[in-house]
Amino acid sequence: MIAPHTRTEMWRNVHDRNKHAEISNARHVRALKHYAPRKGVVTIMVIWAIAIASIVVAATQILAFREATLGRECISRVQARWAARAGVETMISIMEWHNANPDPDDALALTRDLESNAFGEVETGTWDIRHFIDGQEWAGPMDENSKLNINVATRMQLLELPNITQDVVDSIYDWRDADNEPQQLGAEADFYRNRGLGYEPRNGNFRSIAELELVAGAWPQYLRGEDWNLNGRLDPNEDDGKRTMPDDNANGKLEAGWSQYLTASTRPVTKSASGQPRLDLRKANSEELMTRTGMDATQAAAILTYAKVGNARMAQILSVPLSQLTGSRTAGATGAGAAGANRTGRSSAGQPRGATAPAATTVKNLDNKQLTLVLNECSLDDTRTSQANAGKVNLNTASRALLRDILQLDTRYADSILSRRISKQSGLLSLADIVDLPGATQEQLLILGQVADVTSSVYMISSRGRATTSGAEAEIVVMVDRSESPVRILEYREP
Ligand SMILES: [Ca+2]
Ligand SMILES: [Ca+2]
Ligand SMILES: [Ca+2]
Ligand SMILES: [Ca+2]
């Protein structure tokens with residue numbers, strides 16, 4: 001049987017229940033007490049989370065915006081750079097075409113083609129190629145052969161450079177001569193070593209015009225003048241006075257110090273004007289020479305006899321009438337000689353004045369065409385001299401200042417050369433085109449025969465690309481040698 005509930009038990013049970021309820025309530029209250037603060041923290045955490053998320057989103061947006069802007073700038077720069085590159089490639093392909101299709105009757109064909117393609121465009125940008133010569137801006141690449149190669153410049157020519165002194169001229173000689181014996185006021189290895197400069201003279205040919213700045217006393221401001229980046233073109237900082245380097249005269253013209261007269265990059269033109277290998281007069285036979293130049297047997301014999309002389313030079317063939325070259329005495333020679341060493345006598349349309357002279361000794365002077373072919377199709381260069389590695393000044397592009405001030409040509413003669421090259425649409429086809437000008441003495445022709453010619457091997461292309469959309473710019477400066485095909489890149493700069 002189940003024991004009956006007693007009141008005491010009932011009361012205890014009630015008490016226990018109450019107690020249990022109290023405890024349960026207390027726990028509940030404690031739980032509630034505990035629960036209430038946690039709810040606040042979560043709310044704050046949510047607000048924080050939203051705030052942080054907003055900051056992250058905003059920051060990401062800013063970054064994304066910046067990256068997009070940077071991306072657009074990068075694309076603009078790439079577009080500008082490749083537009084500049086397209087200009088360079090266009091110039092090179094024109095040179096290649098002219099190498100494959102030479103025109104001996106037009107000395108300016110290449111120059112004109114380069115000029116007419118100096119400005120062009122691709123899908124996303126444009127290019128612009130220009131340069132300064134003689135205070136004037138020209139379209140197209142800079143003809144390095146318009147300048148004198150420093151590796152063959154004489155003491156007299158170097159002394160004509162603005163601001164130069166004898167000690168600097170001597171130091172230039174020391175830099176390029178093979179020995180370590182200083183010239184009178186020069187500087188060899190000891191000089192540079194004692195000053196801790198960390199380099200010594202090359203004792204060989206200058207390889208770039210900027211190398212000249214390493215020579216004692218050849219300061220950058222003398223070499224570069226206003227052309228601070230040596231690109232042959234007038235940049236904004238080179239035409240704004242003292243506002244930015246360099247200090248220039250802001251006259252809209254580029255005065256480029258020694259660098260407007262000198263180059264170190266030109267190479268000899270090995271091919272003839274017609275594109276064939278040149279005929280070496282020291283090895284040629286009479287038939288070859290007659291076929292190539294159209295001279296008669298007597299003339300060919302005279303030239304080949306002269307070519308056997310140890311110091312025979314093309315400059316002599318240019319400056320001395322053929323009848324005098326090998327010492328033969330003819331009336332033709334008398335005609336030239338009587339002109340007081342004026343070359344005009346020889347080139348009077350090739351008419352032998354010796355018509356009345358004894359036939360046995362007559363050597364007809366070369367006419368203009370024959371002389372042109374000897375100068376342009378044959379060679380007589382001594383490969384043992386440093387001249388072998390240096391190009392000549394192209395009289396079709398040389399500046400008036402170079403001819404008059406540095407090469408020291410007679411003013412009247414220099415001006416008549418410039419007038420003639422302007423008056424001939426084909427330009428000067430050979431040095432034979434300047435032998436009949438007023439002032440063309442043997443002495444003047446000898447100077448020109450040694451340093452000048454009418455063709456070019458090396459060009460400096462300064463191509464500035466511009467993106468069509470943003471106007472961003474990029475420049476490429478390339479020195480190219482077109483004396484052989486394929487055209488060779490001597491120097492490449494992206495300033
Ligand atoms: Ca030396
Ligand atoms: Ca410049
Ligand atoms: Ca300036
Ligand atoms: Ca200026």
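Colleague: Is Lys 283 buried or exposed?

Modeller: This is a predicted model, in which local features need pLDDT of at least 70 and side-chain atom pairs pLDDT 80 or more, whereas totals for chains, interfaces and linings use all residues; side-chain values use heavy atoms, with hydrogens and water left out. Residues are numbered from 1 along each chain as its sequence is written, while chains are lettered from A and ligands numbered from 1 in the order in which they are written. By relative accessible area, buried means under 20%, exposed over 50% and partly exposed in between (1.4 Å probe, protein chains only). Lys 283 has a relative accessible area of 72%, so the residue is exposed.

Colleague: Which residue meets Lys 283 in a salt bridge?

Modeller: A salt bridge needs a side-chain nitrogen of Lys or Arg within 4 Å of a carboxyl oxygen of Asp or Glu. Here the N to O distance is 3.9 Å. The partner is partly exposed at 26% relative accessibility, and the residue is Asp 280.

Colleague: Which residues are joined into one network by salt bridges that share partners?

Modeller: The count of salt bridges comes to 23. Some of them share partners and form one network, made of Asp 128, Arg 130, Glu 137 and Arg 233.

Colleague: How far apart are the closest N and O atoms of Arg 202 and Glu 211?

Modeller: Arg 202 is partly exposed at 33% relative accessibility, whereas Glu 211 is buried at 8%. The two form a salt bridge, and the N and O atoms in question are separated by 2.8 Å.

Colleague: And which residue forms a salt bridge with Arg 193?

Modeller: Arg 193 is partly exposed, with 48% relative accessibility. The closest N and O atoms are 3.1 Å apart, and the partner is Glu 200.

Colleague: Which residues are the protein donors of the calcium ion (ligand 4)?

Modeller: Donors are N, O and S atoms within 2.8 Å of the metal, or 3.2 Å for Na, K and Ca; water is not among the atoms, so sites may look incomplete. The donors here lie 2.2 to 2.6 Å from the ion. Along the chain they follow the spacing E-x22-N-x1-N-x1-K-x1-E.

Colleague: What kind of arrangement do the six donor atoms around the calcium ion (ligand 4) make?

Modeller: Six donors count as octahedral if opposite donors are over 155 degrees apart and all others between 65 and 115; four are tetrahedral if all angles lie between 85 and 135 degrees, or square planar under the rule used for six, and anything else is irregular. Around this ion the angles run from 53 to 164°, which makes the arrangement irregular.

Colleague: What is the spacing of the donor residues of the calcium ion (ligand 2)?

Modeller: The protein donors come from Asp 227, Asn 229, Asn 231, Arg 233, Asp 235 and Glu 238, at 2.3 to 2.6 Å from the ion. Among them, Arg 233 is buried at 3% relative accessibility and Asp 235 is buried at 5%. In sequence the spacing reads D-x1-N-x1-N-x1-R-x1-D-x2-E.

Colleague: Where does Pro 246 lie?

Modeller: The peptide bond from Met 245 to Pro 246 is cis, with omega near -5°. Most peptide bonds are trans. The place of Pro 246 is the loop between H6 and E6.

Colleague: In which loop is Asp 134 found?

Modeller: Asp 134 is not a glycine, yet has a positive phi of about 55°. The residue is partly exposed at 42% relative accessibility. Its place is the loop between strand E2 (125-133) and strand E3 (136-139).

Methods. Helix = DSSP H or I, 4+ residues; strand = E, 2+ residues; numbered from the N terminus.
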